[in-house]
Amino acid sequence: MAVKITSAENAQVKLAASLHRAKMIRTEQLYLAEGAHLAAEALRSGVTIERAFVEEGCSAEVEILFAELERRDVPCALLPRRLVEKISEAKTPQGIVLLVRLPEEQLKLHTDGRYLLLENLQDPGNVGNILRSAESFDFDGVLLCGETAEVYTPKAVRGSMGSVFRLPTARYADGAAAACALRGAGIPLFTAELRGDSRLPDELPERGLCIAIGNEGRGITEELSALADASVEIPMSGKTESLSAPVAAAVLMWELFRRRR
């Protein structure tokens, strides 16, 4: 039976509203999944849902999700619109917000795995978008390092369209720590940049590799470049100097996916 919450001072409402910040996500080991699509994906993916907040007078689609959440014994709360807006980061909340438990296990590296390393990507939307592509193109996981945006912030979760529920990730303090972990697992690292030993995408191994994507404006750091086994470049025509980070990542991952197909 759902409880009704009307006060902005309610502890659960205040907790949910605090999870817009990366620090609180890691402290509480919880994150938000907003909207009907992500709620459905969370239910399908089998993640641990700690609580659901549902807007009073919600849509028929949300009503169906609400019934399924109650059937699974997920604690549910009914909220007026103003409190849903307080919890949600979206400009137009869709009537349902879930509190989801962070996964207990991090990504485990395997010698024949295919991975992506994100170094200092600052836009959480880009991070979520890349996770979505990585799952679509059958990558085994995504490593994050340095100042890369938190993968469990609301904007990144929305950008992933549910891939964050299924694709393993691991975070490292910096590129050196990530490169060390990859080396220990016997996985070569290829940075997406133009340098003397650059390879073309079709020259990469089909499995057993990690491709590093750098910051949206600055690209790969010199430190990570020096630790890489080689680099990979995407041939382009025209006067553009580079592709956006999500597009470059998608092109490289698609090339490996295409070769397997």
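What follows goes from the sheet to the helices beside it.

Keep in mind that this is a predicted model. Start with the sheet: it is an open one, built from 7 strands in the order S8-S7-S6-S11-S9-S12-S10, and the pairing is parallel. At the edges sit S8 (169-172) and S10 (198-199), each of which pairs on one side only. As a reminder, strands of a sheet pair through backbone hydrogen bonds, either parallel or antiparallel.

Now zoom in on one pair. S9 (residues 189-192) and S11 (residues 209-213) run parallel and are joined by 3 bridges.

Next, helix H8, which covers residues 175-184. Which of the residues in H8 are buried? They are Gly 175, Ala 178, Ala 179 and Leu 182. These residues sit on the same side of H8 because they cover an arc of only 100 degrees around the axis. And what do the buried residues of H8 pack against? Their partners are the strands S6, S7 (141-145), S8, S9 and S11, plus helix H9 (222-227).

Asp 174 caps the N-terminal end, with a side-chain oxygen 3.2 Å from the backbone nitrogen of Ala 176. Just after H8 comes Gly 186, which takes a positive phi of about 70 degrees.

Last stop: helix H10 (residues 245-260). H10 lies across S6 (114-119), S9, S11 and S12 (230-232), and it runs at about 160 degrees to S11.

Notes
Residues numbered from 1 in each chain as written. Predicted model: local features only at pLDDT ≥ 70, side-chain atom pairs only at ≥ 80, totals over all residues. Heavy atoms only, no water. Pairing = 2+ DSSP bridges. Helix = DSSP H or I, 4+ residues; strand = E, 2+ residues; numbered from the N terminus. Contact = heavy atoms within 4.5 Å. Axes fitted to C-alpha atoms, helices over the stretch in contact; angles between N-to-C directions. Buried < 20%, exposed > 50% of the residue type's maximum accessible area, 1.4 Å probe, protein only. Arc of directions from axis to C-beta. Polar contact = N/O pair within 3.5 Å; in protein donor to acceptor, adjacent residues only side chain to side chain.
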